[in-house]
Amino acid sequence: MSVTQVPMPPTPKWGMVIDLDRCTGCQSCVVACQAENNIPINTEEAYLQRRAIEWIRVERYWEGEFPNIKARYIPVPCMHCSDAPCEPVCPVFATYHTNEGINMQIYNRCIGTRYCSVNCHWHVRFFNFWQPKWPASLENQLNPDVTVRTRGVMEKCTFCIQRVNHAEQNARLDNNRAVRDGEVNTACAQACPTRAIVFGNMNDPQSVVSRAIAGTDRGYQVLADLGTNPSVLYLKKLDPDAPAQSGA
Amino acid sequence: MATHAEHAHGHRRVQRTWDLTPQQVVTDGLQRIRAAGSSYRLALIISAILGVIGVIALIIRPIIGAGWGDRQAWTYVAATFGFLMSTVGSAPCFSVAMRLTRGHWRRPVNRLAELWGAGLIVPFILLVLLIFVLPNTEGRQTLWFGWWAAPYLWDIVMMLALTICGYGFLYVASLPDMAIARDQVERDRPGRFTRMARGFRGTVYQWQIIDRGVAYLGALYILLYVGTMTVMASELILALLPGDNSAIFPAAYTVAGLESGIAVTIIAMAVFRRWGGAGEYLESEQFFAASKLMLALGLLWFYFHWTEFVIWWYGRTPRELSLLKVLYFEPYFWLFVIAFACMFLAPLFVLVWTRIRMGIAGPTVAACLVVVGQAVDQVRLMSASFSIPNIYEKELSIIPNAYIPGVFDILLYVGLAGGAFALVLLALKVVAYPSIWEITAGLWLRARKQYYKTEVTLIGKPN
Amino acid sequence: MAIRSVLGVFPSLDSAVAGVDAITELGLGREDYDILTNAPYPEGAFGEEAGMHRLGLFPLVGAACGFSVGLLITGGTQLAYPLVTGGKPLFSIPPMFIIMYEGTLLAAVLFTVIGVLFESRLPRLGGLYDPRITQGYIGILAFPEESLADRAAAALRQAGAEDAILEPRRAAGGAAKARTQQKGAGA
Amino acid sequence: MQERHHLPEDQIIRDLLRPVVYTSTMNWVAFIVLGGVLTAFVFAAGWMFYWGVGVTGLNRPNMWGFMIVNFVFWIGISHAGVMISAILRLTQAEWRRPVTRAAEVMTMFSLMTAMTFPFMHTGRPWRTAYFVFPYDFWRGIWPDVRSALVMDPSAVFTYLTGTILFVFVTMIPDFAILRDRSTGWRHGLYRVLALGFRGQERQWKMQTISGFLLAAIMLSIFVSVHSIVSWDFAFSLDPVWHSTVWAPYFVIGAVHSGVSAVVTLMALMRWLFKFDSYLRPEHFDAIGRLLVVVGSAWMWFFMLDVFFDLFRQDPVDLVIMNTRFFAWPYVLLLAFIFIFGYFIPVPIWLFRRFRRNIKVMFWTSIMVNVGMWSERYWLVVPGLQQKYQWSFDWTSYRPGPIEVTLIIGSFALVGTLLLVFSKLFPPIPVWDELEGQRFAGEIQVGKRTVPAIVREF
């Protein structure tokens with residue numbers, strides 16, 4: 001079968017910028033992620049067991065002593081490290097790196113050694129300790145584009161891979177063009193009321209996410225000295241009184 | 001793979017040592033003390049000249065420009081220190097290890113291993129000089145955690161204790177032979193043996209003291225040696241390399257030291273066999289057993305370095321990558337290759353064959369290569385650590401270029417090693433070889449016996 | 001000429017050595033008799049055994065095989081399924097080395113054990129044996145010419161054997177084969 | 001060695017085969033007690049299979065816990081076998097003879113037990129089994145050789161295969177002895193296993209040489225196994241785990257705990273099977289001396305690990321070291337490590353009188369393993385609790401009842417397997433003991449008779 005060769009569009013590198021100066025700690029990203037990605041309901045019991053699953057979580061730290069105390073928030077999704085320490089430890093290739101810079105998790109392959117979680121220093125890999133259950137009323141709201149995981153497998157933020165794939169499919173059908181900026185967005189970025197989270201193609205200098213990081217000197221990576229080169233970048237909080245919070 | 005059993009029915013040559021009479025052992029042991037040979041004198045003169053050259057180089061070098069304060073200029077002093085610690089310093093440990101195994105083959109070898117300890121004063125003096133260029137513990141990586149007078153006082157104390165213990169070990173282990181020399185050689189005019197042997201008459205009590213003294217001093221020596229090497233590896237190398245907290249390194253450094261300690265002992269065995277008239281005492285059994293141990297330590301050398309490498313390879317943090325570069329892959333790559341070939345590949349591929357280990361030449365060649373490898377490896381390590389300009393970083397940001405030695409550096413390295421060797425040769429003036437009392441004690445514990453159609457050796461194992 | 005084996009069962013070491021002398025007088029060489037014991041005696045107690053063996057070769061061959069298989073598996077899987085993990089090279093040598101090391105040693109062990117069985121001619125099927133040997137009796141298994149067999153048995157008995165068992169008479173070819181099997185090709 | 005005396009050969013055979021043919025009351029008691037614990041073990045394992053890993057006390061940062069600790073512990077115990085039999089064979093130490101079999105068999109069973117733990121511990125054990133054997137090649141997904149968890153099974157399987165073969169080869173002559181003295185199904189079993197062994201001179205020669213060859217190979221495997229187990233931890237970037245010294249440190253720790261376990265086993269065998277004239281005080285003496293060296297080397301590596309973790313004064317490491325040294329329960333475990341693992345037993349072993357006292361040796365060896373179990377827990381668990389700066393996520397870990405049952409059950413499992421083994425095969429190599437008798441001699445030196453051994457060269 002001969003097909004007219006259409007040049008392949010340049011490979012994107014998906015990335016995220018989180019502006020801590022804009023983050024209010026409202027947790028809407030957490031809720032959006034929960035709804036989008038079929039994450040089991042985190043009951044009180046799950047929290048008490050320290051086994052809650054939140055692909056993105058908002059960590060809250062206190063700064064200062066009592067009267068002058070300040071709350072600091074840092075939303076933490078998977079960093080999608082370029083040299084992710086969690087990947088080479090998996091014996092069955094259940095996690096690997098796509099050429100679009102996404103740290104992928106393949107649930108079918110996973111046998112649950114939990115080594116990836118042990119070697120993830122951002123604590124963003126979650127294990128299904130129990131068989132996930134939804135109340136009957138919620139069973140019909142599960143996202144059909146996202147696998148429902150069983151017990152005994154790891155899961156984590158996928159940069160809403162179902163949305164990325166969808167956008168790329170559309171672009172491919174549309175004369176194999178590149179995905180345009182704004183065509184794909186993660187649930188957390190979409191839900192963020194203050195636009196603190198921006199998602200997009202890091203390889204495209206014109207994308208919102210590239211411009212967000214290019215136009216500032218506040219950018220940093222969390223645990224940069226591990227040399228894993230995360231794809232999620234943070235912008236420091238601007239604070240006239242206190243030194244900027246670094247690295248959570 | 002080599003086995004004892006192949007040994008067992010390969011040749012049935014029986015070592016001649018155990019058929020000697022005690023009188024012959026005494027005669028052989030006192031031979032050199034009665035009349036030192038010309039080759040001995042020649043070796044002593046050459047090594048003494050080397051020593052003088054080394055001392056001159058050591059003094060002149062800072063005067064003609066290198067200066068006292070520049071740490072990098074002291075690279076080769078540190079390398080000499082490390083090299084001597086790994087050879088003359090570690091050989092007595094080999095003696096202790098042999099005593100622990102309680103084999104009879106060790107008896108002619110012990111004295112040779114202990115003898116190297118006579119050179120210990122040289123590394124001690126070098127450390128006293130080096131201590132002035134070491135940074136204080138403020139703000140740098142350190143084992144001492146703000147101890148009083150650390151690191152200066154404690155480094156010196158450890159090294160001093162090691163030196164004293166080494167000389168003490170040599171003295172106690174050869175005291176009975178000094179008494180023999182006192183009675184046999186200096187019967188008419190009391191000399192150095194009379195002074196050194198004191199009142200040793202060989203009473204049961206005195207023998208107990210000797211036995212215990214050798215055992216305790218030996219155990220103490222090993223403990224001190226391991227401790228000192230650990231501390232020195234951390235002071236001279238790890239502490240000067242920003243971000244290097246490789247815990248295996250002191251162990252690897254010590255094991256490399258022990259390996260070359262056995263190597264120098266094997267070389268000494270070969271020399272004594274060839275030129276020292278000890279052919280009846282040092283036969284394939286000794287070379288076989290000593291080289292087997294050297295092979296084992298060579299394998300350990302690789303194992304320890306491999307674990308360090310593979311952890312860093314998996315870790316891949318910028319800190320670890322820069323350390324891999326500075327120590328192994330960038331400026332000192334070829335030095336590492338030589339050390340790797342000499343310290344691991346040579347023992348492995350030469351000594352893995354039983355037939356080679358049964359001979360004399362194979363182990364000797366391997367031992368010489370190990371000593372060369374050790375010398376090169378010390379240069380690699382000390383050059384890497386002494387040329388870091390800013391040791392206070394969290395991780396090494398710039399990999400410095402290789403340190404190229406000057407003429408004085410080389411002269412110093414060779415000269416001081418020769419000087420230590422001269423001291424070892426000098427020690428032979430008061431220490432008998434072959435060691436009379438140990439070999440004689442072994443004579444009683446071997447017997448040949450007819451067992452039906454074959455002849456077997458009985459080896460006594462007194463507890 | 002056909003061989004017919006004889007097994008003399010001796011109650012003590014002294015009588016067994018006498019038995020060895022007796023059959024040596026009959027003209028049997030060292031390769032014509034074998035000693036069966038329940039534990040090793042110092043080598044050569046019954047005369048030097050001249051058997052060659054190639055046991056040392058087995059682990060070397062095994063190591064070579066294991067190394068190659070390890071190389072194939074580790075190299076092949078990385079090339080066949082090139083997935084990037086953790087920014088490591090697609091063809092990572094250090095981990096290969098570790099698994100190849102295990103493969104080398106595994107095959108070396110397997111081959112050594114095969115070698116031990118092969119060189120000791122195990123498993124053995126048939127051949128003369130007496131359960132008293134594991135009680136501490138010493139068996140002298142002689143392989144005389146068929147014509148000498150009865151005399152050998154008598155000599156063994158004379159030397160102090162409690163029993164001398166003669167192999168049942170067989171076809172000539174079969175007996176010769178039995179001898180090779182019992183003694184081993186290298187003997 | 002005054003207590004060494006010559007025993008008639010048939011008495012040796014009879015004594016050493018006694019456990020196979022005679023079951024004492026204590027033996028039955030042991031079977032029943034161990035069987036009871038084992039039932040609990042099976043129940044706990046089944047419970048966990050049914051409900052999932054949720055029944056354990058594991059949580060998000062602490063993804064590995066008790067079961068991994070226990071895996072490391074049993075792998076460590078398994079290192080005794082080869083340490084004892086390989087090193088002692090290679091150095092031709094005469095006192096190895098009665099010790100080797102028990103040590104090797106313990107290696108075998110503790111390895112099997114150890115392997116059950118990572119298997120049970122995975123989220124989907126059925127998939128894990130599928131991953132190990134038979135691998136689902138049809139999907140074209142091969143294991144990632146870069147993962148330490150691929151090296152680990154390969155090393156453990158190599159070690160287990162090697163150990164089983166090693167034990168088998170050294171047991172062939174004993175199978176022959178049993179074959180000639182048994183009837184019924186046992187006879188059939190031993191006949192098959194003995195492979196028609198007749199004790200030809202050539203067969204004995206092969207037996208001796210293979211002892212050396214296999215010992216040398218097993219020694220190389222043995223070093224790699226625990227190194228790779230340590231790399232399961234050290235290849236990660238977790239602070240305090242990511243230490244270059246862990247491989248040899250784990251190996252020497254394994255030898256320390258394993259050799260101590262051999263002492264425990266020897267004392268138990270002596271008591272249970274009345275092997276008083278075979279497992280003599282001189283054997284405990286020799287092992288005690290070995291243990292002083294091994295224990296001190298272990299202490300050196302322990303110190304290296306601790307000191308060089310603190311060497312950089314990196315806050316990330318300091319937090320965990322602080323927990324290890326000052327927080328409950330790690331401070332207690334640390335005390336166990338120091339006191340039970342080293343500072344009580346090793347000074348005791350320095351004295352000949354105590355080394356020759358079986359009761360003292362028994363209790364000190366138990367102590368060492370209490371200390372060494374604590375050490376594994378102390379090393380592994382705190383490493384995950386306070387990783388990096390995410391103090392929001394720091395959590396402690398407490399094992400659940402299922403995990404505790406599994407750990408206790410693992411001891412029963414090894415005990416039962418050892419007991420069953422001793423009902424089928426002699427726990428002391430009979431032929432080796434006979435050989436030892438034949439190779440023993442005496443040398444007269446003045447008024448003293450020195451025990452001697454025969455060497456053929």
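I339(D) is partly exposed, with a relative accessibility of 40%, where partly exposed lies between buried, under 20% relative accessible area, and exposed, over 50% (1.4 Å probe, protein chains only). The residue belongs to helix α12 of chain D, residues 330-343; helices (H or I, at least four residues) are DSSP runs numbered from the N terminus. I339(D) and G371(D) lie 32 residues apart in sequence, and their C-alpha atoms are 7.5 Å apart in space.

The model is predicted, so local features need pLDDT of at least 70 and side-chain atom pairs count only at pLDDT 80 or more, while totals for chains, interfaces and linings use all residues. Residues are numbered from 1 along each chain as its sequence is written, chains are lettered from A and ligands numbered from 1 in the order in which they are written, and side-chain values use heavy atoms, without hydrogens and water.

Over all chains, the structure holds 0 disulfides, a disulfide being a pair of cysteine sulfur atoms within 2.5 Å. For C192(A), the closest cysteine sulfur is that of C26(A), and the distance of 6.1 Å is too far for a bond. C192(A) is buried, at 12% relative accessible area. C342(B) is likewise in no disulfide, with the nearest cysteine sulfur, in C368(B), 11 Å away. C342(B) has a relative accessible area of 10% and is buried.

In chain B, R192(B) is found in helix α9, residues 192-197. The relative accessible area of R192(B) is 35%, which makes the residue partly exposed.

Key
Helices (H or I, at least four residues) and strands (E, at least two) are DSSP runs, numbered from the N terminus.
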